[in-house]
Amino acid sequence: MEKRLLVAFALSFLVLTLWSGLNRTPSKLSDHIDNKHVASDPISSEIPSIVTPESNKIDKTEINETLSSLENNLLGLQFSNKGGVLNKVTIKNLDVDLPLIQIAGLSQFQNNDFRLDSLDNNEIKYSLNTNGLRVNKNYKLDSNEYIVHSEVSIRNNTKSPINFSSKSTAFTVDFKEAYNNKEEWAKKHGHDQSLYEYVTYSRSGIFRKSNAYKFTSKEDKLLSEPIDWIGFRTRYTCALVKPDFSTENLQILKTDDHILNLEFQNKELIINSN
């Protein structure tokens, strides 16, 4: 099983171009938004399922975090072996870090210690062996482009088929540390924070939320349809995440007053032995 994500980072003029081109008059979204958490469907007892995220938790203090980097002339990227994720993006010519972490992650494995298999000028590869599964995560940074490709492959090394139900984190918006010093925050971003916005695009059209730096439980939503892409913008920058695989829905969940998680529910698959 393979999943690919196209993660594009660009200046805000690109956002305006994309959004104006795609922003057709949206259909009413009330039938597609449910203010509930994602509910898991029952899994057939005939085929074993992988360990659920709750029972697969690892004490974070047991993992020695190692950071690795990729860069080109435009972007600086920082990765972590914790979950094997992209956790920091720097727009070089602006010297600005995007307020996004856990980009292109897999929720089941976010607390696992991935092994760094290889690192070169434009590509990094991680792997993990757990519960009979071999998980490979590769990231590739295009030369002289604001584009990162993420690919995940999962192999079943057991002797029986496995039901695999997974969630992919598009990204987590994280303003917690930046907002700790409110006076400094207001001085730097007071006039800009109303422009902070996340947006999703699906067959129903555009769903967007401005002032996306402070969150309440009202943010919690379930968009019950496949999502084409997700974006986040500040005044000068944006990030777009586009899944190259079928999704079932998108869960938007506040985890802190200044942290918001946007997560795809992927279609359940049966992974045959080997």
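Ring pairs join F175, Y196 and F232 into a cluster. Two rings of Phe, Tyr or Trp (its six-membered ring) pair if their centres lie within 6.5 Å; planes under 30 degrees apart count as stacked, over 60 as edge-to-face and the rest as tilted. The model is predicted, so local features need pLDDT of at least 70 and side-chain atom pairs count only at pLDDT 80 or more, while totals for chains, interfaces and linings use all residues. Residues are numbered from 1 along each chain as its sequence is written, and side-chain values use heavy atoms, with hydrogens and water left out.

Across the whole structure, a search finds 5 aromatic pairs. One of them is stacked, because the rings of F175 and Y196 have centres 5.3 Å apart and planes at 5 degrees. This pair links distant parts of the chain, 21 residues apart: F175 is in the loop between β14 (167–174) and α2 (182–189), and Y196 is in the loop between α2 and β15 (197–202). Helices (H or I, at least four residues) and strands (E, at least two) are DSSP runs, numbered from the N terminus. F175 is buried, at 4% relative accessible area, and Y196 is buried at 5%. Buried means under 20% relative accessible area, exposed over 50%, and partly exposed in between (1.4 Å probe, protein chains only).

The rings of F245 and F264 have centres 6.5 Å apart and planes at 80 degrees, so this pair is edge-to-face. Here too distant parts of the chain are linked, 19 residues apart: F245 is in the loop between β19 (237–243) and β20 (247–256), F264 in strand β21 (residues 259–266). Both F245 and F264 are buried.
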